[in-house]
Amino acid sequence: MNALRALLEEHDHIVQEISGQNDFGEDFYVTFTDNGEVTSDTIKVQVKGGDSWRRGNGYAVPIDQHGGTWANGNIPVYCVVYDPDTTRLHWANATHQLRRFGPLNPPRFIGVSPNAVLDGTTMESFVAHARRYVGRYRGRQAVLTHLGEMSGVEFDPADHVLHFVNGDDEDLIFWKRPGDVVATLLLSTQGWEPIWVSLESLMRSEIPVPEDRRGSGPADPDLWSAEDLELSQSEIMWAASCFISTRQADEGPEGDLVEPVECKGCANCTGEESEEHGRIEADVIHDYVLARILDRIEAEPDLIARSILAMREDDELEPGIVAELGPLETEPHIVRQVNKLSRAKVTGVDDIEPEAFRLAVLYLVHRIYVGGPSLPLDEQVRIVWRVPEPDPTVSKSV
């Protein structure tokens, strides 16, 4: 507690201790400052010290009876572990982890990644991450957070997100990134599975599309029609108005289309030429990336170990990735499945869980760029590895 207090106060943040006479599961209130000014952004912190919290691949903080207050309180709770052997502090967003698991499958521990180091060099990125998370519950962002928690999607503040409730109390969410011509519909009746649509695909056989919006080629098989989705007339008109209003917002008062923003559609993706990315099937990208990963592991059996080491040495790891590592790295069966990839063939990985695949991607891949669908698949998807691929022009010495 002293180490954490000293670090936070060294960076001018305000620390208030919570009475330890009762076990409330929180030790500190931390209010962040910005350029010497006190902000309205506050978190609560549970602090643990000692090697008893260490696990094989990280740290774990027991939740005990605190799950409800950590998940549903008005102020988010972070867990911080002090490792006496390394004298390092490590952090995890407990509220985020609990809400991601949901009330039906609560975890017993909060996973803390060894990559989630909190020190003078990472303080700025940690504070930015925490303040963004606190800000999820203010203004328009609070609406996006509510819709995101309802549908299981994390929306970017710049995204166009519109909500509709039909006469049967069923929810529809329209989601489109600035500049895109393809949108995603999230329907409660479809289990919130992402469904790609365009104005043309929705209006197919319904209402004539203006000539300047008609596609010159055949209908895209990846895009759903209103008939496929069994949308009512009012739902069709709502979705069409969403396309029209968001297109006008993109064009702006001068009629200039805004530049497409970074694509958020796949693991670590920043998206080049992302305005048509919605047309690429997610499972195609998944299968392609998995095949590339297994090809590299087969050729380089020590690749995972080298990639983990490279990740540990990355001082600029994004806080969002750090926060995601915690619950993955502290689940032994997930870690075992990742290690199993080193011994698996492409045809023998059906039992690899999605969480294990995600952890492998985080370990092995620094970034994935996704281009337009007109390109061949190996050019649509470009992988930047944490450990660069061997140069084929350089022969190995015997």
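Visitor: Which residue in β11 does Val 161 stand opposite?

Guide: Val 161 stands opposite Trp 175 in β11. Before we go on, please keep in mind that this is a predicted model.

Visitor: Thanks! How should I read a pairing between strands?

Guide: The general idea is that strands of a sheet pair through backbone hydrogen bonds, in either a parallel or an antiparallel way. Here, β10 and strand β11 (residues 171-176) pair in the antiparallel sense, over six bridges. The hairpin of β10 and β11 has five residues between the strands, and Asp 169 takes a positive phi near 60 degrees there.

Visitor: In what order do the strands of this open sheet lie?

Guide: The order is β10-β11-β12-β13, four strands with antiparallel pairing. At the edges are β10 (160-165) and β13 (195-197), each of which pairs on one side only. From one strand to the next, the twist averages 25 degrees.

Visitor: Is Thr 184 buried or exposed?

Guide: Thr 184 counts as buried, because its relative accessibility is 9% and the cut-off for buried is under 20%. Leaving aside neighbours within four places in sequence, Thr 184 is in contact with several residues, including Ile 173, Phe 174, Pro 194 and Ile 195. Thr 184 and Val 197 are 13 residues apart in sequence, and their C-alpha atoms are 6.1 Å apart in space.

Visitor: Now the aromatic rings, please. What describes a pair of them?

Guide: A pair of aromatic rings is described by the distance of the centres and the angle of the planes. This structure holds seven aromatic pairs. One of them is formed by Tyr 78 and Phe 126: it is edge-to-face, with 5.8 Å centre to centre and 85 degrees between the planes. Tyr 78 lies in strand β6 (residues 77-83) and Phe 126 in helix α4 (residues 123-134), so this pair ties together parts that are 48 residues apart in sequence.

Visitor: Why is the pair of Trp 91 and Phe 126 edge-to-face?

Guide: The planes of Trp 91 and Phe 126 are at 65 degrees, with the ring centres 5.1 Å apart, so the pair is edge-to-face. This pair also links distant parts of the chain, with Trp 91 in strand β7 (residues 88-93) and Phe 126 in helix α4, 35 residues apart. Both Trp 91 and Phe 126 are buried. Phe 32, Tyr 78, Trp 91 and Phe 126 form one aromatic cluster.

Visitor: How many residues has the largest nonpolar core?

Guide: The largest nonpolar core has 58 residues, and among those with the most contacts inside it are Ile 43, Trp 91, Phe 126 and Leu 364. Helix α13 gives the largest share of this core, eight residues. A second, separate core has 20 residues, including Val 197 and Phe 243.

Visitor: Why is helix α13 largely enclosed by the rest of the structure?

Guide: Nine of the 11 residues of α13 (residues 354-364) are buried, so this helix is largely enclosed by the rest of the structure. Among the buried ones are Phe 357, Arg 358 and Tyr 363.

Definitions and conventions: Residues are numbered from 1 along each chain as its sequence is written. This is a predicted model: local features need pLDDT of at least 70, side-chain atom pairs count only at pLDDT 80 or more; totals for chains, interfaces and linings use all residues. Side-chain values use heavy atoms; hydrogens and water are left out. Buried means under 20% relative accessible area, exposed over 50%, partly exposed in between (1.4 Å probe, protein chains only). Contact means heavy atoms within 4.5 Å. Helices (H or I, at least four residues) and strands (E, at least two) are DSSP runs, numbered from the N terminus. Two strands pair if DSSP finds at least two bridges between them. Axes are lines fitted to C-alpha atoms, for helices over the stretch in contact, and angles run from 0 to 180 degrees between N-to-C directions. A nonpolar core is a set of buried Ala, Val, Leu, Ile, Met, Phe, Trp, Tyr and Cys residues joined through side-chain atoms within 4.5 Å. Rings of Phe, Tyr and Trp (its six-membered ring) pair if their centres lie within 6.5 Å; planes under 30 degrees apart count as stacked, over 60 as edge-to-face and the rest as tilted.
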